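Me: I would like to know how the terms used for this model follow from their cut-offs. Please take them one at a time.

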Amino acid sequence: MRDGNKLDWRNEVRERIAKLDLSPQAKEEVIAELSAHLEDANTGSPHKTSMPSDREWRQILRAIQRSKHEVPIMNYRTKSLWLPGMTTLLGASLLLALIQILGFTPRLVWVHGMGMVYYWPWLAGLPAFGALGAYLSQRAQGQMRARIIAALSPALVMLIVMSMILPFGFAIDGWHFLRLVAFGLALLNWVVFPGFALLLGALPFLRPSPLQQA
Amino acid sequence: MQSETHMTKRIRSKITRGSGEIAILSLLAEQPLYGFEIARQISERTGGALKFTLASLYPLLYEMEKRGWVEARWQANDAGRDRRYYRLTAAGRRQLAPLREEWRSFFQALDSLAGVSHA
């Protein structure tokens with residue numbers, strides 16, 4: 001480990017500063033700089049620097065965090081995940097509300113005597129919001145996973161809500177096969193199809209950034 | 001010997017920090033340097049009296065960068081390895097003169113009180 005191998009210093013520093021709340025780009029820069037310092041200090045220099053202790057690393061983390069973010073208005077996760085996700089969710093909800101207020105008639109599809117309501121204009125508009133969520137996340141240097149979650153947030157919220165409602169339905173009315181079918185159809189209606197539409201819009205923003213490719 | 005009081009630690013920390021700022025700014029006023037070279041030159045030129053560790057150097061450099069006193073960019077060093085070179089900005093240069101004056105006054109005051117000057 002202490003042979004001055006650059007890759008090892010990088011890995012060592014990367015592990016030590018994993019908890020640093022910085023964008024991936026800023027974090028990579030800190031890793032590159034600190035590992036270069038350790039490499040210089042430990043390869044043929046009389047000014048050898050020993051690896052900082054655990055306590056010193058904690059001090060370094062705190063100090064770097066403080067110096068890089070004096071007043072952190074929003075942390076990295078908020079900027080790259082929560083804010084884009086909430087924006088997408090809000091936009092998709094407003095679009096649905098607008099469509100209902102404007103009086104667009106939903107398309108009714110009957111399956112096993114159960115009517116499913118489809119708002120085609122809403123589904124058609126969802127790719128724009130998927131794109132918005134993924135773009136905002138990408139702009140905040142969000143990782144691929146954050147971009148996908150931000151883009152899919154309306155569908156994911158519906159999935160969570162429906163998953164919570166289903167057990168209540170069974171608890172109150174008892175087990176019904178038709179209820180399960182209805183749940184499956186509602187899942188298609190409010191989660192799967194919207195999810196596809198959102199993902200379609202997000203696709204152009206799901207390419208790995210040069211930093212993530214490196 | 002009694003351990004350092006909180007106040008003593010605070011004073012020591014402020015002196016160390018202040019001396020670090022003026023040392024780095026003075027060095028960068030001569031030429032752009034990267035972190036390890038800054039630490040090496042400060043140690044050599046002060047006969048080891050001032051030493052920077054990883055923990056003390058980089059937070060200070062990042063803070064000075066955020067204040068706009070220095071700017072950094074990656075370039076190859078003499079050995080052809082990419083290093084992040086720090087360069088003094090106009091704002092940093094403006095900061096240097098009052099800092100020097102502050103430290104001069106500080107040493108004069110200390111000298112008149114405790115006769116610490118070697119002259």
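Reply: Leaving aside neighbours within four places in sequence, A:L89 is in contact with A:S153, A:P154 and A:V157; in contact means that the C-beta atoms, placed from the backbone, lie within 7 Å. This is a predicted model, in which local features need pLDDT of at least 70, side-chain atom pairs count only at pLDDT 80 or more, and totals for chains, interfaces and linings use all residues. Residues are numbered from 1 along each chain as its sequence is written, and chains are lettered from A and ligands numbered from 1 in the order in which they are written.

Me: Why does A:L89 count as buried?

Reply: A:L89 has 20 C-beta neighbours inside 10 Å. Buried requires 20 or more other C-beta atoms within 10 Å (12 or fewer is exposed, in between is partly exposed), so A:L89 counts as buried.

Me: What separates the C-alpha atoms of A:L89 and A:S153?

Reply: A distance of 5.9 Å, although the two residues are 64 residues apart along the chain.

Me: What makes helix 6 of chain A roughly antiparallel to helix 7 of chain A?

Reply: Helix 6 (residues 144-173) and helix 7 (residues 177-202) of chain A pack at an angle of about 175 degrees, with their axes 8 Å apart. Angles over 145 degrees count as roughly antiparallel (under 35 roughly parallel, 65 to 115 roughly perpendicular, the rest oblique), so helix 6 of chain A is roughly antiparallel to helix 7 of chain A.

Me: How many residues does each chain bring to the contact of chains A and B?

Reply: Chain A gives 17 residues and chain B gives 14 residues.

Methods:
Contact = placed C-beta atoms within 7 Å. Axes fitted to C-alpha atoms, helices over the stretch in contact; angles between N-to-C directions. Helix = DSSP H or I, 4+ residues; strand = E, 2+ residues; numbered from the N terminus.
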